[in-house]
Structures are given as C-alpha cells and as structure tokens.
Amino acid sequence: MAAENGKDYRIYVTSGNSAIAGETSSSITINGTTIDTSSKDTDWNTAIMGSKSWELSGSFVYDNTSGAEQEDMFDALETGASVEIFWGKLTSSTRTRGYTGNALITNVSISSERDGVVTKDVTFMGTGKLNKVPTTTSGS
C-alpha cells in the first residue's frame, strides 16, 4: 500500500470542485451502532448491526472575505440547511477517492491566539448514507 499525501484530501461543500479555502486539517469518522442480542444461553455476547452515522470536521485559517465558503458554512448553520459534502481527493477535477453525502453543520468555532492566526473549526453531521467514492482504475 502506498502512502498518500494528506494535503490532497480536502473538504468540498456543494457539488462544486472548489475546496474550502484555508483548510489546515480534516477528519471523517464513520460509526456503526450495535444491538445486543445476547441471552442466558451463552457466556459470550452477540450482536447485530444497527444504525450507522458519520461526522466530518475541519480546521481552517479564518477567511471572511466576500464569497468565501467559510462564511457560507455559518449561514448554513444559522438556517439549518443541509449541504452536500465531498471529503477526498480530486484528480483533474474528478473525484477519485473519498466520501460524499449530505450533512448539517452542527458547530462553528472561531479562535484566536496572541501570536497566531485566527482559525475556524467546523463540524458536519451526516444526514443519511455516506457514499464511498471508489478509487479509479485504468486498464480493462
């Protein structure tokens, strides 16, 4: 397995191919909830898969310029609007690796330090299925 460069994996909001400006880090978490099916008939716990969820978070150097995607994220939080998210890698404007789905923005945090830049952290909570964007392959 070849290592990949983390700077190639970015957060994109809406169906466009423009990454959110100023991203410094991001992560996606995919969870499954188990349903306990254990009984007194065995000493071992058993379970089946229940619901699934996902969450995406990102940190950004703050950019409040007109037209900046970061300001759109605050607006989506304020109105409760769902946004389409793509987290992954683009190759020649084509989504080649990553995940896509709809999400609600559940947290926007802006921070500043005395000798540092202003930063913005954003949390996206998935609403519905997270779809895997397959790795593209060439050949037959």
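How many aromatic pairs does the structure hold? It holds 2. By aromatic pair I mean rings of Phe, Tyr or Trp (for Trp, its six-membered ring) whose centres lie within 6.5 Å; planes under 30 degrees apart count as stacked, over 60 as edge-to-face, and the rest as tilted.

Before we go on, a word on where this comes from. This is a predicted model, so local features need pLDDT of at least 70 and side-chain atom pairs count only at pLDDT 80 or more, while totals for chains, interfaces and linings use all residues. Residues are numbered from 1 along each chain as its sequence is written, and side-chain values use heavy atoms, with hydrogens and water left out.

Now, let's look at one of those pairs. Tyr-9 and Trp-87 form a tilted pair, with 5.5 Å from centre to centre and 45° between the planes. Tyr-9 sits in the segment before strand S1 (10-13) and Trp-87 in strand S4 (residues 82-91), so the pair links distant parts of the chain, 78 residues apart. Strands here are DSSP runs of E with at least two residues, and helices are runs of H or I with at least four; both are numbered from the N terminus.

Buried means under 20% relative accessible area, exposed means over 50%, and partly exposed is in between, using a 1.4 Å probe and protein chains only.

On to charges! Side chains of opposite charge can pair when their charged atoms come close. We call it a salt bridge when a side-chain nitrogen of Lys or Arg is within 4 Å of a carboxyl oxygen of Asp or Glu. The whole structure has 4 salt bridges.

Please find Glu-4 on your screens. For Glu-4 and Arg-97, the closest N and O atoms are 3.0 Å apart. Arg-97 belongs to strand S5 (residues 94-111), 93 residues from Glu-4. As for accessibility, Lys-89 is buried at 18%, whereas Glu-4 is partly exposed at 40% and Arg-97 is partly exposed at 26%.

Lastly, Glu-23 and Arg-10 meet in a salt bridge at 3.6 Å, N to O.
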